[in-house]
Each structure stands twice: as C-alpha cells, then as structure tokens.
Amino acid sequence: MPPLRVRRQDLGEWIRYGVTQRSRKLGWERPPQVPETVVKRLQSYDFPNNLRELETLIYRALQQVRRQEQRNDDLSLPAVLPEDVFWTSPRQQRYRFDIWRWKPRLRDWMRAPWLWNTLLFGLVSWLFVLVNLWLWLGPQDRAHNGALNLFWAWWWPLILLGFPLVGRLWCSFCPFMVWGEIVQRAARLLGLQPARWPRGNSDDWASPLLAAGFALILLWEEVWDLQNTAWLSSCLLLAITAGAVIGSLRFEKRFWCRYLCPVGGMNGLFAKLAITELRAQVGTCSGSCSTYACFKGGPADGEGLATGGCPLGTHPAHLSDNRNCVLCLTCAQACPHRSVQLALRPPAADLQREMDTPVGEPGLILVLAGDLCLHQWRRLLGWLPLAPASLTHGPLLPRLAIAAVALALPSALFLLARALFSAPRLRRSLYGLLPLIWGLLLARHLPIGMAEAGALLPVSLAPLAAGRGWGLAGGLARLAGRCPCDRVLSERGRAGGLLCLGGGAAATAGQQSPGLAGSSALALALAAGGRWLVALP
C-alpha cells in the first residue's frame with residue numbers, strides 16, 4: 001500500500017475513519033465531524049511514520065477535546081472538532097536565534113499591556129483623527145500640507161523599509177483597526193455582539209476581493225493624483241477605516257485585517273521576507289495546554305495575562321509563515337507556559353518548497369507587479385495612438401483605460417504562461433519575484449522620503465511662521481533638497497531587490513523547488529537588466 005504522502009487525496013477519508021474508530025473506543029456514540037480546513041492543512045504534511053503517526057495524531061486530538069470538556073465542566077461533545085487540536089511536527093527550523101532567551105527582561109517589557117494600550121488608544125487613534133482633519137482643512141498639495149508630506153514621504157518609505165525587519169508589525173498598531181476595535185467595544189457595551197469567527201476557508205473568496213481592492217486603490221492613486229490631493233488621500237484612509245469598522249461590527253476580532261484589508265494583504269505578503277518570526281513550540285502546546293488562551297482568549301492563568309486572544313484567529317504553533325502574524329504579542333501575553341518565542345531567522349525564510357499558497361494570494365503579487373508597470377506606463381504604453389498625455393489631466397475614460405491596461409500587463413503575461421506551465425507551478429514561481437518587487441517599490445518611494453521628509457516641519461509650521469525662518473527645521477529642509485539620494489536611488493534602485501533576493505536564495509538553498517529557484521534566477525536577471533524600470537524621468 002503506498003504511503004499517505006503520495007495519496008493525499010484520500011487523507012480526509014482516513015482521518016474520518018480513524019476518528020470514528022477512536023470515538024467508539026472512548027464510548028462516544030456519535031463521533032464528531034472533521035472540518036475540511038483541517039484536511040487541507042494536513043495534506044501539506046508528509047507523515048514520515050505513515051498510518052501510525054496518523055493514529056497518534058487522531059488520538060491526541062480527541063484526548064485534548066476531552067480535557068477541554070472536563071476543564072469547562074461540559075460533558076457534551078462538539079459536533080465539529082476544532083482545528084487547534086490537530087498537531088503535526090513542524091519542519092526543521094534552521095538558523096534561528098531566540099531573542100527572549102538572550103534577553104529575558106525584554107520579554108516582560110514587550111508583553112506589558114500598558115505599552116500597547118497607551119500606543120494604540122492613547123496615541124495612534126487620536127493622531128489619525130488629527131491627520132485626517134489636517135488633510136481636509138489644510139492646503140491641498142504636498143508642498144504645503146504637512147499631513148500629505150507625512151503620508152507619502154514618511155509612512156510609505158518607512159513601511160517598505162520595515163518589511164524585511166519586522167514583517168507585518170505595522171498592522172498591530174494600524175489606526176484603521178484601532179478604530180475598528182473602539183467601535184467593536186462600544187457595540188458590545190450597547191448589547192450588540194459580533195458574530196463568531198466564520199468556519200471554513202475564507203481565503204477562497206476573500207483573497208480575490210482583496211487583490212481587486214488593492215488594484216482599485218492603485219488606479220485611484222495614479223488617475224486622481226492622490227499624492228498631491230490632500231482630501232482624496234483622506235478619503236482613501238477613511239474608506240479603509242470604514243471597511244475595518246464594518247468588519248468589526250460583523251465579526252469578532254480582526255476578520256477584516258486577515259482577509260479583506262488591501263494594505264494588510266500587501267503587508268502579509270511582504271512579511272514573508274522578514275528576518276523576525278513569532279512562533280510557539282508544538283510540543284509544549286500539545287502536551288501542557290488545554291485552554292488555548294493564546295488565540296481563543298480567556299482569564300489570567302499563571303503568568304499568562306487575561307486577553308481576547310489572537311486578533312487574527314491563528315494559533316502561533318500553527319503558523320507556517322508570517323502572513324497571519326502581526327507581532328502584536330497577544331499570544332505571548334496569554335501563554336502561561338512560555339511556549340511563544342520571538343526569533344531572528346534568515347531573510348525570506350518563508351519562501352520554501354512546502355509553503356502554503358492560498359488561491360488568491362498570487363493574484364496580489366501580480367497586482368503589485370502591475371503597480372510598477374502603472375508607474376512606468378509612458379515607457380510601456382506611451383507609443384499607443386490613443387494614449388493620453390497624462391494620467392492626471394484630460395478626459396477621464398482614456399486615462400482610466402490606459403491605467404487599467406498597464407496595471408493588467410503582468411496578469412496578461414501570467415495567463416499566457418499558463419499555456420506552457422501548470423497553474424500551481426506558476427503560482428509558486430511568482431513568489432520568487434517578491435524580493436524584486438519589494439526592491440523596485442522601495443526604489444520608487446524612498447527618493448520621495450529622502451527628498452521631502454526633512455520638509456515636514458517647515459511645511460507644517462509655515463502657516464504659523466508668517467514668513468519667518470525656522471532655524472533647524474529650515475536647515476533640514478534645505479539639506480534634504482540638496483540630498484543626492486534620489487539620484488543615487490534612481491541609478492542604483494535595483495540594489496535593494498538584488499540584496500534581499502540574494503539573501504532569500506541563500507537562506508533557502510537546498511530547500512527550494514526547481515520552479516521557485518528558476519523564478520528567483522529569472523528575477524535576478526530582470527533586476528540586473530531592468531535598470532530602466534527604476535530610472536526616474
């Protein structure tokens with residue numbers, strides 16, 4: 001009989017049969033059902049010990065369900081087994097450095113609730129209100145509005161620089177979801193209870209919506225010149241905030257952040273390149289824990305603090321990459337067993353042969369690649385007879401049409417390539433382009449930050465200065481104006497992509513599939529020869 005790893009399509013039947021047999025031995029008349037999401041997750045596991053390991057996995061899952069019932073004084077069996085009771089041995093994690101074992105006091109400081117509450121509700125929430133008022137009531141161009149300067153010259157470059165270091169950390173104190181949580185708490189005080197986290201694989205329908213939402217934002221940004229229109233930039237911020245608020249009223253925790261937020265989707269994608277990761281030890285969680293407060297929430301237990309659980313509804317021991325971890329440290333606060341670890345790792349360690357590739361996530365990679373084509377639309381499509389002189393001025397329909405065509409170019413190439421290669425292989429190969437896309441986006445936005453970030457104080461205080469000089473602020477602005485970084489980046493903008501790409505390839509040497517390694521080599525060739533992509537006009 002062939003092993004389980006070569007007949008993965010039959011795994012669901014084997015699991016359900018094993019649950020039925022084991023339930024009878026435990027005296028349960030009606031065995032619980034196994035959700036399809038569990039089967040799909042276990043199909044990516046190789047089961048080195050074949051059926052014996054599968055039997056052990058099922059036995060341990062049912063024993064943990066029984067322990068949970070005894071702890072909660074509930075003798076009834078769940079109709080559906082929860083996903084968190086199925087534990088598999090993680091793949092070997094090489095070259096990890098545990099930061100909290102090196103500096104134990106840093107762990108206590110980072111998991112302090114006062115730190116996060118002060119940052120989220122005492123600073124970020126009201127700063128967001130101030131920025132939006134500033135965008136509406138102040139001057140409307142970036143040269144005279146400090147909030148617009150803060151948005152485009154500070155936030156965008158810094159968030160791109162942060163991806164290889166701290167991954168999706170921005171999402172942990174994102175003002176969109178801060179106000180979503182505030183509204184969610186207010187609704188509960190009024191007696192309105194959000195629905196429980198929906199079961200099933202929401203990625204199947206949510207990922208295409210996320211990619212489409214990000215594409216609309218990119219079209220909005222280019223065609224309506226958001227970088228130099230303050231009130232439209234505020235409309236973008238408020239539209240994303242409205243989605244977060246509606247999502248928070250509809251479902252508990254941060255369903256919007258995990259599945260539907262366009263910015264969160266981009267952050268989760270580039271978080272795969274990060275050198276930091278937050279994970280829990282499978283052995284400790286499966287052998288010592290039965291409450292799962294790290295992602296379900298619950299009262300204080302031992303050194304574990306009272307929390308609402310993981311905002312993205314994910315157990316830290318079940319994380320296969322950084323996509324669904326925002327480094328909010330809620331799991332570290334709730335865990336009484338010190339199972340959660342914050343570690344350093346090689347760059348792009350998530351780009352592996354065994355990585356999970358949600359159906360819609362490669363679509364977002366194509367949209368991000370389309371953003372680069374959209375920014376260089378004149379070089380790519382300017383020769384067309386109907387091409388407009390500018391994407392920001394003139395009749396709307398020609399501008400919108402040419403922008404949509406430029407944005408869709410990578411997707412069109414992907415569809416053409418499907419005639420030569422299988423769709424799963426192509427989807428996995430797209431991940432080899434991630435470091436290059438990140439480097440090109442950084443080369444596009446960082447010159448704006450280097451040239452204009454120093455002008456924040458002079459631009460912001462100009463209305464109050466009434467023509468007077470501002471000493472250091474004015475000096476910084478003049479220095480930024482002379483800074484040669486924009487010229488250097490325009491000439492060498494591909495260096496960031498090459499550096500991260502090389503680090504990711506070195507970190508995963510010997511573990512990548514031939515398709516992923518081939519796409520990395522293709523990305524390297526594109527980066528070396530694609531100098532025109534980042535050359536500024």
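# A walk through the helices of a predicted model

The buried residues of α12 are Pro 262, Val 263, Gly 264, Gly 265, Met 266, Asn 267, Gly 268, Leu 269 and Phe 270. Here buried means under 20% relative accessible area, exposed means over 50%, and partly exposed lies in between (1.4 Å probe, protein chains only). The helix is mostly covered, since nine of its nine residues are buried. This is a predicted model, in which local features need pLDDT of at least 70, side-chain atom pairs count only at pLDDT 80 or more, and totals for chains, interfaces and linings use all residues. Residues are numbered from 1 along each chain as its sequence is written, and side-chain values use heavy atoms, with hydrogens and water left out.

The chain as a whole gives the setting. Its secondary structure comes to 25 helices and three strands. Helices (H or I, at least four residues) and strands (E, at least two) are DSSP runs, numbered from the N terminus. Of the 537 residues in the chain, 51% are buried. Among contacts with a separation of 6 or more, 80% join residues 24 or more positions apart. Contact means heavy atoms within 4.5 Å.

Back to α12. What packs against its buried residues? The elements are α7, α9, α10, α11, α16 (361-375) and α20 (434-452). One of these partners, α7, can be looked at in detail. Two packed helices are described by the angle between their axes and the distance between the axes. Axes are lines fitted to C-alpha atoms, for helices over the stretch in contact, and angles run from 0 to 180 degrees between N-to-C directions. Helix α7 (residues 146-166) and helix α12 (residues 262-270) have axes 9 Å apart and pack at an angle of about 35°. Their crossing is right-handed. A crossing is left-handed if the near helix is turned anticlockwise from the far one by less than a right angle, and right-handed if clockwise. On the α7 side the contact is made by Trp 155, Trp 156, Ile 159 and Phe 163, and on the α12 side by Val 263, Met 266, Asn 267 and Phe 270. The residues of this contact divide into seven nonpolar, one polar and no charged. In this count, Ala, Val, Leu, Ile, Met, Phe, Trp, Tyr, Cys and Pro are nonpolar, Asp, Glu, Lys and Arg are charged, and the others, Gly among them, are polar.

A second pair is α6 and α8. The axes of helix α6 (residues 113-137) and helix α8 (residues 175-189) come within 9 Å and cross at roughly 110°. That makes α6 roughly perpendicular to α8; angles of 65 to 115 degrees count as roughly perpendicular, under 35 as roughly parallel, over 145 as roughly antiparallel and the rest as oblique. The crossing of α6 with α8 is left-handed. From α6, the residues in contact are Leu 120, Phe 121, Val 124, Ser 125, Trp 126, Phe 128 and Val 129, and they meet Pro 175, Phe 176, Val 178, Trp 179, Glu 181, Ile 182 and Arg 185 of α8. These residues divide into 11 nonpolar, one polar and two charged.

Helix α8 has 15 residues and reaches 21 Å from its first C-alpha to its last, close to the 21 Å expected at 1.5 Å a residue. The expected span is 1.5 Å times one less than the number of residues. The buried residues of α8 include Met 177, Gly 180, Gln 184 and Ala 187. Their cover includes α6, α10 (230-250) and α11 (255-260). Just after α8, Gly 191 takes a positive phi of about 95°.

Leu 327, in the loop between α14 (293-296) and α15 (330-334), has a phi near 55°. With a relative accessible area of 11%, Leu 327 is buried. In the loop between α14 and α15 there is also Leu 329, with a positive phi of about 65°. Leu 329 counts as buried at 3% relative accessibility.

Val 34 sits in the loop between α1 (11-25) and α2. Is Val 34 buried or exposed? Its relative accessible area is 7%, so Val 34 is buried. Thr 37 lies in helix α2 (residues 36-42) and, at 21% relative accessibility, counts as partly exposed. The C-alpha atoms of Thr 37 and Gly 200 are separated by 6.0 Å, although the two are 163 residues apart along the chain.
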